[in-house]
Amino acid sequence: MGNNCSYISVILPLKLSWEPFYSVPEGTTVVIGDRVNVIFAGRQYLGVVSGTDVCPDECTLSRILPIRQLRTDKERILETEIEFWRKIAEYYMCSVGQVYKAAYTSVKNQDVKARPTEEKYVEGKGCTALSGESPAALQAVTKALAEGKTALLSSPDSESILAELCLRNRKGNAVWIVPELKMEKTMQQRLQEIFGSRLILWGSDMTPARKRKATDMVRSGKEPYIVFGTRSALFLPHHDLGLVIVGDEHDPSYKQNSPSPRYNGRDAAILLASIFRAGCVLESVTPSLESLYNCLCGKFTHIRCVEAKRPRFDIVDTNAELRKNGMCGDVSRRFIACTPSDTAAYKPLKAAFPKFEDLKARIAESMGEDVFLTDDLISNPIPQGRRNLGVFGVDAMLGKADFRADERLFQTIWRAVATGPSSIENVLIHTREAGHPVFKALQAGDITPLMEERKAFNMPPFTRIVDIRIVDKFDDRARRMGGKLASIAEKVAGRGKVMQGEGGIRILLNRDSTLKQKKRKLIELVYAFEIENKYPDHLYFDVDPV
């Protein structure tokens, strides 16, 4: 056989720690990226050629199967795509095959044909309206990208700045991801006016035919493109990328929770940019602590426009009100003034109003019509013209068993104020935990207190978290296996920390030069653990959980 054929390695859409070899008949030319039908464990799969002219061990030659078919009807996978898959697999501790499966879903694999339509090329107006401090911010971002750094942009006019960057992008091609495409309809319209037919939309709500058409447009390279879509747009067959943009980079919905690869769109975008040596811009008026930490380390450059007048944050300490019969300063008295006249303390305030709407109406009556009261700043944007904002229900967010809860609360309130009407002068926050660092951060207009708290407890971004999740219908067995895994992980964690909890174990690894090595060792140990304990398909890694 060896004299009449050559050998290739193939990526299969499976959880494999290795890439199997197959033989290619003499006279058949196969290159990296070609798709082939092969048999593995008795089943047929559509694989991707990852290596050619490979040299298997002599002892394995007799077990190597021939390919079933070279699929010339399928598009060839670009080598940059495979490189991207490998980076994702390495960082998120999964197999390259699992990334391939996610990148090329059934929508891309099946023979979907878009209806033939004659669409005229639409020329966009090709200009933006920069105002205020935007030109200076644009210059600062451009300088950071020229220095090879990721730029973190915090600006109220970020959309115009980012659009201008796309227009000035020399390579022409760019990808711009956002948390949810359906929430950005107005933004889509503005970008279509600027870019015309160069703008390609990508989102989960698109039909298979539209996705097929968008994929073909990106792959063809006939015209420069700007893909605007959700995180999966990163896995399109990009080429000659000059710019990668992540809007609202702090948003937790960028994290894929299931299935593998459990990647974060923000971090995956940075990896994609590195492959093409493209500029990378992260945008947020409330950046994540991870991105701010990278700015402190010098990896990123933070471009922050001077903020407009910042409102005053008053923290209403409800525990203090109860202790001191409600006389705890002017702010508290203003709230107490809203209670029924026969109520002396703040405690029965909500009980006196069974419906939250009734409570809001009473407070608004006392404080004036320019007050806006809410317990949901995400679904209820602040109306124009309001000078006072009252925020309730924050303790429910802080009460979560999640070390990121305080960061998310800060981002929710700060973002609502920063992007809300400029008329806001006072923000009153109702809480039982007035001494919490998140409120100090809001009053100072600086997230540093939260960063200091994370450092004190040795939590991200000062460390990395790797969760090993256990999926088992038998709770007793899951706990027993978790205990065994914890003992194994302790050997790898070193100065890190291993915690066992419901559903698996959590490992804190120090951010140092040994991080990659420790992650690889964990993968080896878990694979060995699965074999030794006959426990396959019950364990998976979740890196940087949110």
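Is Cys295 buried or exposed? At 18% relative accessibility, Cys295 counts as buried, because the cut-off for buried is under 20% relative accessible area. The model is predicted. It holds 0 disulfides and 11 aromatic pairs.

**Cysteines**
- The closest cysteine sulfur to that of Cys295 belongs to Cys297, at 9.3 Å. This is too far for a bond, because a disulfide needs two cysteine sulfur atoms within 2.5 Å.
- Cys166 is buried, at a relative accessible area of 1%.

**Aromatic pairs**
- Among the 11 aromatic pairs is the one formed by Trp18 and Phe40, which is tilted, with 5.9 Å from centre to centre and 55° between the planes.
- Trp18 lies in the loop between β1 (5-11) and β2 (21-25), and Phe40 in strand β3 (residues 35-40), so this pair ties together parts that are 22 residues apart in sequence.
- Trp18 is partly exposed, with 47% relative accessible area.
- Trp176 and Phe228 have ring centres 5.6 Å apart and planes at 85°, so their pair is edge-to-face.
- Trp176 belongs to strand β8 (residues 173-177) and Phe228 to strand β10 (residues 226-229); the pair links distant parts of the chain, 52 residues apart.
- Trp176 is buried, at 1% relative accessible area, and Phe228 is buried, at 0%.

**Aromatic cluster and charges over rings**
- One aromatic cluster is formed by Phe84, Phe235 and Tyr263.
- Over the ring of Tyr263 sits the charged end of Arg231, 5.8 Å from the ring's centre.
- Arg262 lies over the face of Tyr540, 3.5 Å from the ring centre.

Terms used
Residues are numbered from 1 along each chain as its sequence is written. This is a predicted model: local features need pLDDT of at least 70, side-chain atom pairs count only at pLDDT 80 or more; totals for chains, interfaces and linings use all residues. Side-chain values use heavy atoms; hydrogens and water are left out. Buried means under 20% relative accessible area, exposed over 50%, partly exposed in between (1.4 Å probe, protein chains only). Rings of Phe, Tyr and Trp (its six-membered ring) pair if their centres lie within 6.5 Å; planes under 30 degrees apart count as stacked, over 60 as edge-to-face and the rest as tilted. Helices (H or I, at least four residues) and strands (E, at least two) are DSSP runs, numbered from the N terminus. A charge sits over a ring if NZ of Lys or CZ of Arg is within 6 Å of the ring centre and within 35 degrees of the ring normal.
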